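Dear colleague,

I am passing on the structure we spoke about, followed by some notes on what turned up in it. Please read them with the coordinates open beside you.

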Amino acid sequence: MLITRDIPGLDYKRQLAKRFDRASLSYDSYAEFQKIVLERLLAMLPLSMANAVLDLGTGTGQALGILSEKLNPTCCVALDLSQQMLAVASEHFSSLQNTHYVRADAEQLPFQQASFDLVFSSLAIQWCLTPKNLFDELYRVTKPGGYVVFSTLLEGSMPEISQAWLGLDDKKHVHQYMPAESLFDCVKAGRFNILSSDCSDVSMWFDSPESAIYSLKKVGASFISSDVNNVLPPSKWKHFLNEYEKQRSDLGVPLSYQVAFVVAQKPIFIQE
């Protein structure tokens with residue numbers, strides 16, 4: 001989840017959906033980091049069968065085929081805020097049986113109580129604004145004994161971009177993500193039991209600063225909530241790229257992320 005400052009929620013979500021709409025056709029070609037995280041999260045699935053599965057923030061549906069193969073659900077819901085992402089997913093996975101595509105907000109889920117055996121979400125919940133709303137909704141739609149399995153970004157992600165901007169201005173040019181302990185506190189406050197959790201540094205390497213930034217822009221992840229209406233002068237952008245280039249190593253230009261992987265369970269016996 002984001003640490004934000006007085007952002008109009010509806011405006012933020014509209015801008016976010018537009019950004020992912022625009023990235024829908026380029027997403028799969030640039031989503032190397034997302035694929036690495038997804039593969040690791042899928043390996044953490046705590047069950048081998050599930051009747052009802054929700055893929056929260058499905059994007060282009062990269063998890064759908066494996067979730068269907070591994071869990072053989074009678075109902076799988078692919079949910080996203082972006083209609084265009086859902087269009088790409090439904091086209092890619094048109095052969096999947098019992099899969100339904102739903103445009104909705106993770107913080108206002110359009111499902112009945114106790115609908116899903118598994119809620120799966122890879123690198124999506126960091127775009128949510130209110131942790132309490134999110135985990136209240138996840139608790140509501142998860143069956144007793146069901147699981148929420150997710151990955152999300154943490155504080156300290158993309159320090160290379162922050163470093164390159166240092167001294168150019170005093171603005172935040174990357175999202176401010178939650179510290180790990182704050183995230184885990186939110187999960188527990190949502191009445192889930194954390195079965196396993198891990199925080200990892202995932203580093204990517206690029207042949208140029210432009211390529212590193214494109215890896216964000218082309219998947220829709222370059223949206224900065226506090227900078228929606230700001231346009232950078234070309235000279236400032238060039239200065240930023242020059243500063244970023246100074247961080248090059250033998251492996252290339254770095255871009256690193258702090259990622260949380262969490263498996264949580266809704267208690268079977270609920271004490272209200």
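Arginine 40 is partly exposed, with a relative accessible area of 33%, and its partner in a salt bridge is aspartate 198, the closest N and O atoms being 2.1 Å apart. The pair joins distant parts of the chain, since arginine 40 belongs to helix α3 (residues 32–42) and aspartate 198 to strand β6 (residues 193–206), 158 residues apart. Aspartate 198 likewise counts as partly exposed, at 29% relative accessibility. Please keep in mind throughout that this is a predicted model.

As to confidence, the chain averages a pLDDT of 92, and 92% of the residues score at least 70. Where pLDDT is low, the predicted coordinates should not be read in detail.

The structure holds nine salt bridges, and another of them joins lysine 13 to aspartate 105, with the closest N and O atoms 2.8 Å apart. Lysine 13 lies in helix α1 (residues 9–23) and aspartate 105 in the loop between β3 and β4 (116–122), so this pair ties together parts that are 92 residues apart in sequence. Lysine 13 is buried because its relative accessible area of 11% falls under the 20% cut-off, and aspartate 105, at 17%, is buried too. This pair is also part of a network of salt bridges in which Lys13, Asp105 and Glu107 are linked.

A further salt bridge brings together the side chains of glutamate 245 and arginine 248, at 2.5 Å from N to O. Here glutamate 245 is partly exposed, with a relative accessible area of 30%, and arginine 248 counts as partly exposed at 36%.

Turning to the strands, β2 (residues 75–80) and β3 (residues 99–103) pair in the parallel sense over five bridges, and within this pairing aspartate 80 stands opposite arginine 103 in β3. Together with helix α5 (residues 83–92), β2 and β3 make a right-handed β-α-β unit.

Note on methods:
Residues are numbered from 1 along each chain as its sequence is written. This is a predicted model: local features need pLDDT of at least 70, side-chain atom pairs count only at pLDDT 80 or more; totals for chains, interfaces and linings use all residues. Side-chain values use heavy atoms; hydrogens and water are left out. Two strands pair if DSSP finds at least two bridges between them. Helices (H or I, at least four residues) and strands (E, at least two) are DSSP runs, numbered from the N terminus. A crossover is right-handed if, with the strands pointing away from the viewer, the path from the first strand over the helix to the second runs clockwise. pLDDT is the predictor's confidence in each residue, from 0 to 100. A salt bridge is a side-chain nitrogen of Lys or Arg within 4 Å of a carboxyl oxygen of Asp or Glu. Buried means under 20% relative accessible area, exposed over 50%, partly exposed in between (1.4 Å probe, protein chains only).
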